[in-house]
Amino acid sequence: YRESLNATKQREAWLNMKMLTSARLDPNVLAEKSKPCLVIGAGDVGLSTAMELRNEGFDCMVIDAAQSGSAECSSAAAGGMQRSNYIVDKDMWIQTVKCLLPRSFQDKDSFPFFRIQWWKAVSDIHFLRFATGLFYSSVVRPLSDESKLKLLNFTNWSLDLIEDLMQNEFSGTLAKKADLKFSGALKVITDPETLTKLETVKADTTLSKSIGSSEPWEVVSRERLIELEPWIESSEFQFCGAKFDVEAASANSEQYGIELERLCKQQLQIQFAFDTQVLDFEVQKEIGNYRIRKVVTTRGEIEIPDGTPVVICAGAWTPLLLRKLNLYMPMYPLKGYNLILDLSNSPHKAQDAVPQRIVADTSVFMTRFHDELRITSIGEFAGFDTHPDESVTRDLAARAKQFLPKLAEEIDNCKVVSNLRPFVSDSLLIIGKCKPYTNLFVNTGPGSNGWKLCVGSSRLLRAIVSGNSENLVPNNVDINLFDPESRVSYSPVFCKVAKRFTIDG
């Protein structure tokens, strides 16, 4: 608690200084717009949301605490775009518990991909409530097969949308900047028994179809794996084969966001205010409801005219913003780690040393974009602390060198980025209106399925705000699957207590 109090005092001092030095916003900036909308958050989801709402005729303003768009979670994603969904279930719980055991109890070659900073987690009642919901949603009452199929339908539609946007809109500049490619994804395997089981599943058409994935796939031998990725031969791991998603896509989520921000400014005339942190909301009580009438920021107050949607797309920071409105959201930040290697001047950037497509095992995910290699892993519950932990970084770097020994020097000198993924307890996005507020909407989560859903989730949000779902959403996509109504709750007492004990980094 003392650590939390000190961090809070330092943050208040920083905010006071920031309010004195930042240029003030015009409080009537939205009132001057014909069909105003305020979007809070300029990551890939916030940018995509602003674009979709602009296409619906809204005159959008986007604010963000960072100095540019896609500066946090969107800047550190691995970039995978597979047509599959990652859902926490009983098997994942077992793997997670194994990661928390002392190293002497773990398999020799295993890599503990999950970490937890116990003091920051268990002293936070928000985390305790979230963890209870996570256990219930994954073990006691997991997603039904029907819901999994609906989720897969949504994922496929979302990928159709983002691939079309990147390749066919704005003269294809998004695809070029983000290095969109369809070279497939390899899940490498060291255990021959696992590979044999996978071959059996592939041979049985009743088993090979999955409600969790629609990617066409095949099993490849070690020889074929080396043909696809020659660096495999020099790896310290003896891979016996792989599961190959032959058409899987990938793209650089950071470059996607940087380019989309430029396009939003120059071609869509969307207004941005960076270096603008939300401090509070002022609300007006109406009959049985509330309305946000003012947003207080480090650069002054923003008046919210009647009928103006306020859309929060702040990723893992969304629960803290909603807490200011006495709302509890079942989301908690899961810190991820990313090693970013600059290969532009590397003597080892040839095919025999560097992955050419998505390559992953059970814990490490590698992707190459132009002259950049991203090595991503680790899920860590550490409150809202965004700083990389040195011991975790060392472990990931050591693991990366086992995969890619020829790149040991590049790994030692790489850029390390950690990000907070918006991890939702039931593995589903949260999209829609948040009651009892008449003009508050959210578009965030799920943390586990990544940035690839950003255009699909933004299209759903657009449909909800405009009431035009009939023309914007296909019949096989369930718009109610991500509804906040039964998940985001009005909890004034809980929020007051949580404000005092959350360590916000």
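User: A disulfide is a pair of cysteine sulfur atoms within 2.5 Å. In this predicted model, how far is the sulfur of Cys 495 from the closest cysteine sulfur?

Analyst: The closest cysteine sulfur to that of Cys 495 belongs to Cys 434. A disulfide requires the two sulfur atoms to lie within 2.5 Å. The separation is too far for a bond, because it is 12 Å.

User: How many disulfides does a search of the whole structure find?

Analyst: A disulfide is a covalent bond between the sulfur atoms of two cysteines. Cys 495 is too far from Cys 434, its closest partner by sulfur, to form one. For the whole structure, the number of disulfides found is 0.

User: Is Cys 495 buried or exposed?

Analyst: Residues under 20% relative accessible area count as buried. Cys 495 has a relative accessible area of 1%, so this cysteine is buried.
Cys 240, at 19% relative accessibility, is counted likewise. The term for Cys 495 is therefore buried.

User: At what angle do the axes of helix α2 and helix α11 cross?

Analyst: Helix α2 covers residues 44-55 and helix α11 covers residues 253-266. The crossing of α2 with α11 is left-handed. Their axes come within 9 Å, and the crossing angle is roughly 35 degrees.

User: How do the residues of the contact of α2 with α11 divide into nonpolar, polar and charged?

Analyst: From α2, the contact involves Asp 44, Leu 47, Ser 48 and Met 51. From α11, it involves Ser 253, Tyr 256, Gly 257, Leu 260, Glu 261 and Cys 264. The division is 5 nonpolar, 3 polar and 2 charged.

User: The structure holds 21 aromatic pairs. What is the arrangement of the rings of Tyr 290 and Tyr 437?

Analyst: The ring centres of Tyr 290 and Tyr 437 are 5.7 Å apart. Planes under 30 degrees apart count as stacked and those over 60 as edge-to-face. The planes of this pair stand at 40 degrees, so the arrangement is tilted.

User: How many residues apart are Tyr 290 and Tyr 437?

Analyst: Tyr 290 belongs to strand β11 (residues 289-297). Tyr 437, which is buried at 4% relative accessibility, sits in the loop between β20 (430-433) and β21 (440-444). The pair thus links distant parts of the chain, and the separation in residues is 147.

User: What is the arrangement of the rings of Tyr 328 and Phe 494?

Analyst: Tyr 328 lies in strand β14 (residues 327-328) and Phe 494 in helix α17 (residues 492-501), so the pair ties together parts 166 residues apart in sequence. Tyr 328 counts as buried at 5% relative accessibility, and Phe 494 is buried at 17%. With ring centres 5.3 Å apart and planes at 85 degrees, the pair is edge-to-face.

User: Which strand holds Phe 114?

Analyst: Phe 114 is a member of an aromatic cluster that also includes Phe 127, Trp 317 and Phe 381. Phe 114 is buried, with a relative accessible area of 10%. Beyond four places away in sequence, the residues touched by Phe 114 include Cys 99, Leu 334 and Phe 381. The strand that holds Phe 114 spans residues 114-116 and is β4.

User: How far apart in space are Phe 114 and Ser 377, C-alpha to C-alpha?

Analyst: Along the sequence, 263 residues separate Phe 114 from Ser 377. In space, their C-alpha distance is 8.9 Å.

Technical notes
Residues are numbered from 1 along each chain as its sequence is written. This is a predicted model: local features need pLDDT of at least 70, side-chain atom pairs count only at pLDDT 80 or more; totals for chains, interfaces and linings use all residues. Side-chain values use heavy atoms; hydrogens and water are left out. Buried means under 20% relative accessible area, exposed over 50%, partly exposed in between (1.4 Å probe, protein chains only). Axes are lines fitted to C-alpha atoms, for helices over the stretch in contact, and angles run from 0 to 180 degrees between N-to-C directions. Helices (H or I, at least four residues) and strands (E, at least two) are DSSP runs, numbered from the N terminus. A crossing is left-handed if the near helix is turned anticlockwise from the far one by less than a right angle, and right-handed if clockwise. Contact means heavy atoms within 4.5 Å. Ala, Val, Leu, Ile, Met, Phe, Trp, Tyr, Cys and Pro count as nonpolar, Asp, Glu, Lys and Arg as charged, and the others, Gly among them, as polar. Rings of Phe, Tyr and Trp (its six-membered ring) pair if their centres lie within 6.5 Å; planes under 30 degrees apart count as stacked, over 60 as edge-to-face and the rest as tilted.
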